Amino acid sequence: MVLAIAWGPCLLAAAASYAVILRPQLDHRRELEALVASSKERYSRAIEAAKEKDQSRLAGQVESLHNRIGDFVVPLTDTPDLAFKIGTLANEAKLTSFGMRPANRTGSEAGPDFEHVAEKHLDMTFSGEFRRFAAFLNTLERHHPVLFVETFAISRPMDKDSEPQANMEVAVLVEKAVGPAGASK
């Protein structure tokens, strides 16, 4: 009993000193080890990038990625024709009462602001049977450059003889004008 009374406070003091002093130091040490490992990784990548053969490989990768931008971004010069292209696609799908207008987004809906690329949204409404709608949707998603179908909704008509009405929101990445002259990059 005397031993328990003598050693009890000592054990409590040891546990408290571990929790207050040693545990935060161990956590800080782990954070520093992770930071050192991350720095070593970046250093090894920098050493590899400094090699001439790797520089040419990295330059090739950058060039191929730069060329792929055309798969996703509409050039500034082609922007006026985009509405006509989409209208032509709708006519080819034989959609009726096709309408398109720019979607005005504000606040948190507006999306991120990029330096060289802008995101434009279009609201489309049309009527057509489901197969025509699916064909139009497929055509939009296979379009070059890519047209991103954000949302769509199909509503069943009240009249049995009329076709379903569809609403669709499409996002398009458009190249921004650069410089005071408005020339594109």
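Q: Which residue forms a salt bridge with Arg-101, and how far apart are the closest N and O atoms?
A: Side chains of opposite charge can pair when their charged atoms come close. The term salt bridge is applied to a side-chain nitrogen of Lys or Arg within 4 Å of a carboxyl oxygen of Asp or Glu. Here Arg-101 pairs with Asp-123, with the closest N and O atoms 3.6 Å apart. This pair links distant parts of the chain, from Arg-101 in strand S2 to Asp-123 in strand S3 (residues 117–127), 22 residues apart. Helices (H or I, at least four residues) and strands (E, at least two) are DSSP runs, numbered from the N terminus.

Q: What kind of model is this, and how are residues and atoms treated?
A: This is a predicted model, in which local features need pLDDT of at least 70 and side-chain atom pairs count only at pLDDT 80 or more, while totals for chains, interfaces and linings use all residues. Residues are numbered from 1 along each chain as its sequence is written, and side-chain values use heavy atoms, with hydrogens and water left out.

Q: Is Arg-101 buried or exposed?
A: The classes are buried (under 20% relative accessible area), exposed (over 50%) and partly exposed (in between), with a 1.4 Å probe and protein chains only. Arg-101 is exposed because its relative accessible area is 51%. Asp-123 has 21%, so this residue is partly exposed.

Q: Which residues form a nonpolar patch on the surface?
A: A patch is built from residues with over 30% relative accessible area and no salt bridge; like charges are joined within 9 Å, and nonpolar side chains (Val, Leu, Ile, Met, Phe, Trp, Tyr) within 5 Å. In this structure Tyr-18, Val-20, Ile-21, Leu-22 and Leu-26 form a nonpolar patch, with about 460 Å² of accessible area together. The areas come from the Shrake-Rupley method with a 1.4 Å probe; for residues, only the protein chains shown count as cover. Leu-22 belongs to helix H1 (residues 2–50). With a relative accessible area of 43%, Leu-22 is partly exposed.

Q: At what angle do helix H3 and helix H4 pack?
A: Axes are lines fitted to C-alpha atoms, for helices over the stretch in contact, and angles run from 0 to 180 degrees between N-to-C directions. Helix H3 (residues 79–92) and helix H4 (residues 130–142) pack at about 145 degrees, with their axes 9 Å apart. The contact (heavy atoms within 4.5 Å) involves Ile-86, Leu-89 and Ala-90 of H3 and Phe-136, Thr-139 and Leu-140 of H4.

Q: Which residue has a positive phi of about 60 degrees although it is not a glycine?
A: That residue is Lys-94, in the loop between H3 and strand S2 (96–102). Lys-94 is exposed because its relative accessible area is 55%. Ser-97, another residue other than glycine, has a positive phi near 45 degrees. Ser-97 is placed in strand S2 and is exposed, with a relative accessible area of 53%.

Q: Where is the peptide bond that is cis?
A: The bond runs from His-144 to Pro-145, with omega near 0 degrees. Pro-145 sits in the loop between H4 and strand S4 (148–155).

Q: How many residues apart in sequence are Glu-175 and Pro-75, and what is their C-alpha to C-alpha distance?
A: Glu-175 and Pro-75 are 100 residues apart in sequence and 5.3 Å apart in space. Glu-175 is in strand S5 (residues 165–175), and Pro-75 is in the loop between strand S1 (73–74) and H3. At 16% relative accessibility, Glu-175 is buried, whereas Pro-75, at 31%, is partly exposed.
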